[in-house]
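Biologist: Could you show me the model, so that we can go through a few parts of it together?

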Amino acid sequence: MTVTGVTPPEPAPRDGALGALEDVAARLQKSIEHVIEGKSEVVRSALTVLLAGGHLLIEDVPGVGKTMLSKALARSIDGTVRRIQFTPDLLPSDVTGVSIFNQSTRQFEFRPGGVFANIVVGDEINRASPKTQSALLECMEERQVTVDNSTYYLDDPFMVIATQNPIEMEGTYPLPEAQRDRFMARLSMGYPIERAELAMLDSHAGRDPLADLEPVTDASEVAKMASLVSEVFVSQGVQRYVISLVTATRQSGELRLGASPRAALHLVRAAKAHAALDRREYVIPDDVQRLVLPVLGHRVLMTPDAAMGGRRNEDVLRSVLEHVPVPESGREPGPQNIAPGR
């Protein structure tokens, strides 16, 4: 029976879809963890960025598995994969593509570069020149490439996974802020615990763990999952909470550069993916809090005085989290909860 003047609640068939998303994500995580031992949280964060439609920067010392994680994620998805080894002599056309004159047809033909794939692994991205690094700016933000006044659209899904070594700075070119801001999240692998390192020595010493890795899903399924994630509901209270967090970084006396509007957008998108992985069709403040460090940490810059005092970006962001009031709930009363994402 329908009560006059009251819109009846709609059924919620998305629970089954979220369950399917959770199952696929679990298979991806298990596949990657065959290669990356003892890093469940790092793998989950990488999957969060994938489902949020973002790009990932993996920054850590040599030998901890940065490239291995990138390759494992790429191989677990049955889609097109390209690896670009960034070196000082790499040209922008090697990344985006180039028009070549065909003698037989007497016309120019476009030869696609390394970015024309579902997953693009950019190894040691800070070893290429700034001119080559900037070739990724349009690709990462607009999912397209413009060469000789012609625009070519990239595949969907499209994800750049870049690695860099923050310790060895000789012969490198630090990423400009405009490019760092295009990465949804920055992750650090860290050293494995003793038990995980022993397991790695036992299972990986005699063979390449990537050789046995088989795809557990395909690019079209990942695109569907990303579309589902985009429909996750974000209440006005949580949106205001995100704005308060990024505003606090801009007003902090310890930061000379706060989080950008793009950072706020990426934080919301990542929170949606985090909620979907928890089989929730709405975002709660906990989702936002868990993603503040990986999503905002590489976008803010310390003042010289704060840096000399031993403070780090992560310290300032934790202080921001402590001082910005948290909304009571991610759900609001009213019809918004009936049809999330609409």
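Modeller: What follows is a short talk about a pair of helices and a cavity in this predicted model.

Biologist: Okay, how do α11 and α12 pack, and at what angle?

Modeller: Helix α11, residues 261-277, packs with helix α12, residues 285-296, at an angle of about 130°, and their axes are 9 Å apart.

Biologist: Which residues of α11 and α12 make the contact?

Modeller: From α11 the contact takes Ala-263, His-266, Leu-267, Ala-270, Ala-271, His-274 and Ala-275, while α12 brings Asp-287, Val-288, Arg-290, Leu-291, Val-292, Val-295 and Leu-296. Sorted by class, this contact of α11 with α12 holds ten nonpolar residues, along with two polar and two charged ones.

Biologist: Switching topic, how many cavities of 30 Å³ or more are there?

Modeller: The count comes to one cavity of 30 Å³ or more, and the largest cavity holds about 40 Å³ of space.

Biologist: What lines the largest cavity, then?

Modeller: Its lining is made of Ser-45, Thr-48, Val-49, Met-184, Ala-185, Ala-270, Leu-291, Pro-294 and Val-295. At least two residues of that lining come from α2 (40-51), and at least two from α12.

Biologist: How does that lining of the largest cavity divide into nonpolar, polar and charged?

Modeller: Seven of the lining residues of the largest cavity are nonpolar and two are polar, with no charged residue among them.

Technical notes
Residues numbered from 1 in each chain as written. Predicted model: local features only at pLDDT ≥ 70, side-chain atom pairs only at ≥ 80, totals over all residues. Heavy atoms only, no water. Axes fitted to C-alpha atoms, helices over the stretch in contact; angles between N-to-C directions. Helix = DSSP H or I, 4+ residues; strand = E, 2+ residues; numbered from the N terminus. Contact = heavy atoms within 4.5 Å. Nonpolar A, V, L, I, M, F, W, Y, C, P; charged D, E, K, R; others polar. 1 Å grid on protein atoms, 1.4 Å probe; cavity = no way out; pocket = protein on both sides within 12 Å on 5 of 7 lines; lining within 4 Å. Points joined across faces, edges and corners; volume = space filled by probe spheres on them.
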